[in-house]
Amino acid sequence: MSYREVLKLPLRTFWSYNRQIDRIRAERDQRTFRLLITAAAQSKEPVTALVESLRLELDSPVVVEKKFDEAKFDELRDRFASGKS
C-alpha cells in the first residue's frame, strides 16, 4: 500500500490493520523464541515436539466454505448483462 492509500483509510480500518501487524509480529517472535529454546535443549524431545507441531500446522490449511447465494448471483448476472457495474 502506498502512503496516499494509507492516508485514505478510515481510522478504524487503519488501527485494525495496525493491530493485525502487531499480532503477526508477535507470532513470528514467539515462533523464533520456541526455536531458540528448542535449539538450546539438551534432549531430543523438545525438537521432536517442535517438528510435530510445525508439521500439524502445515497439514491443516484453513478452508472456508460458503453456501451458494443464488439470489446474489442472479442480481450480479443481470447487472453485468445490462452493462452496469
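I read the protein chain along its sequence and noted the pattern α-α-α-α, where helices (H or I, at least four residues) and strands (E, at least two) are DSSP runs numbered from the N terminus. The radius of gyration, taken over C-alpha atoms, is 23 Å, well over the 12 Å that the globule rule (2.2 Å times the number of residues to the power 0.38) gives for 85 residues, so the chain is more spread out than a compact globule. I bear in mind that this is a predicted model, in which local features need pLDDT of at least 70 and side-chain atom pairs count only at pLDDT 80 or more, while totals for chains, interfaces and linings use all residues. Residues are numbered from 1 along each chain as its sequence is written, and side-chain values use heavy atoms, with hydrogens and water left out.

I then looked up the extent of the C-alpha trace, which spans about 70 × 35 × 20 Å along its principal axes. Buried residues (under 20% relative accessible area, 1.4 Å probe, protein chains only) make up 4% of the 85 residues.

Next I turned to Thr38, which sits in helix α2, residues 11-40, and is buried, with a relative accessible area of 11%. A polar atom of the Thr38 side chain lies 2.7 Å from the backbone oxygen of Arg34. Setting aside neighbours within four places in sequence, I found Thr38 in contact (heavy atoms within 4.5 Å) with Pro46, Val47 and Leu50.

Technical notes:
Buried < 20%, exposed > 50% of the residue type's maximum accessible area, 1.4 Å probe, protein only. Polar contact = N/O pair within 3.5 Å; in protein donor to acceptor, adjacent residues only side chain to side chain.
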